Amino acid sequence: MGLFGLFKKKAEGAETAPVEKEAEPAFLEDYAGMQAEVTDMEGRLLFVAKLLGLQENQGDLHLLSETSISREMEEPLPVRLRGYSSRKSKAAYMEGAVLPTGDDQVWRVENLTLMKLENDRSFFRMDVSMDASLTAVGRPGAEEEPCRLVNISVGGVRIASPNLHQIGERLLLSVDLTSGKAPSTMLCQILRIIGQERNYEYGCRFIELNDADEDRIMQIIFALQRKQSGRS
C-alpha cells in the first residue's frame, strides 16, 4: 500500500591481498528507471529526469522537472548525471552528452560513462527544519503529537521529538513538504534513537512505499535542493 500523498594506517611492510575491481554493471540492468539530477560540467542544474531506454552507452532522459536549456543546439551538450540505483543500493555518478529529440519531454543522452559509485544515499539526503506531526501506530490511545523534520532521503527521515518512542515502533508522519499543497503523510519505522531526556531524534525508514511514492519523494528532494541553492 502506498501512503505518500495519503496521504540513506596499515603496518609498514604488511602484505595485502590484491583487491578485485568490481566489474562495471550493465546500464540496462542496473540503472534503467534511475532518477537523476542533470547538471552541466560546472555543476549548474539543468533538469531532473528518469533514465530509460538504455542500450549500451546511450538512453533517454524523460523530464521530471522544467529545463533551463534551449532545445536549439548545434551539437550535444556535455553533462553530468547524479542518480541512485535502487537495484545496486548505490549512488551513481555519470558523464555523457545530451541532445534534444522530437519529444519536448525527452532528451537523448549519448556516450554515457559511469564515473563512480557511492555506497549510500547521502547525496539525496536533505537537511531541513520543518514542523511536522506524528502518531504512534498500534499504540492504544495514541494521539497526534508535534515533532520536527530534521532531514529526508528517498529511504527515510530523521525527526526530532520531546517524547520517548521505541526502536521498531511505527509512526505515521505528516508534514507540509510542498507549500500550497496538502500535507504529505508517510508511514515509517524507528531504526535508531539519538539523544535523551526530552531531546530525542529518531532515524526512521519509510515502509509500504510504492514506486510512485519513491518518485515523488525524489522530486521533492530535488526541489528542496534547488530552492536551498537558489536555483529554483
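# Reading the barrel and its ring contacts

Trainee: Are Y200 and Y202 buried or exposed in this predicted model?

Mentor: Both Y200 and Y202 are buried. The word applies because the relative accessible area of each is under 20%.

Trainee: What makes up the barrel, and in which order do its strands run?

Mentor: The barrel is closed and has 6 strands, in the order 1-2-3-6-5-4, with antiparallel pairing. Neighbouring strands of this sheet are turned by 45° against each other on average, with direction ignored.

Trainee: How do you know that strand 1 and strand 4 pair?

Mentor: Pairing needs at least two bridges. Strand 1 (residues 35–39) and strand 4 (residues 77–85) share 4 bridges in the antiparallel sense, so they count as paired.

Trainee: What makes strand 3 and strand 6 a pair?

Mentor: Their 4 antiparallel bridges meet the requirement of at least two, so they pair. Strand 6 spans residues 106–118, and its V106 stands opposite H62.

Trainee: How many aromatic pairs does the structure hold, and why is the pair of F47 and W107 called stacked?

Mentor: There are 2 aromatic pairs. The ring centres of F47 and W107 are 6.0 Å apart, within the 6.5 Å limit, and the planes stand at 25°, under 30 degrees, so the pair is stacked. F47 belongs to strand 2 and W107 to strand 6, so the contact ties together parts 60 residues apart in sequence. F47 and W107 are both buried.

Trainee: What are the values for the aromatic pair of Y200 and Y202?

Mentor: The centres lie 6.1 Å apart with 25° between the planes. The limits are 6.5 Å and 30 degrees, so this pair is also stacked.

Trainee: How do you know that a charge sits over the ring of Y93?

Mentor: The charged end of K116 is 4.8 Å from the ring centre of Y93. The distance cut-off is 6 Å, with the charge also within 35 degrees of the ring normal; K116 is listed as sitting over the ring, so both conditions hold. Likewise, R71 lies over the face of W107, at 5.0 Å from the ring centre.

Notes
Residues are numbered from 1 along each chain as its sequence is written. This is a predicted model: local features need pLDDT of at least 70, side-chain atom pairs count only at pLDDT 80 or more; totals for chains, interfaces and linings use all residues. Side-chain values use heavy atoms; hydrogens and water are left out. Axes are lines fitted to C-alpha atoms, for helices over the stretch in contact, and angles run from 0 to 180 degrees between N-to-C directions. Rings of Phe, Tyr and Trp (its six-membered ring) pair if their centres lie within 6.5 Å; planes under 30 degrees apart count as stacked, over 60 as edge-to-face and the rest as tilted. Buried means under 20% relative accessible area, exposed over 50%, partly exposed in between (1.4 Å probe, protein chains only).
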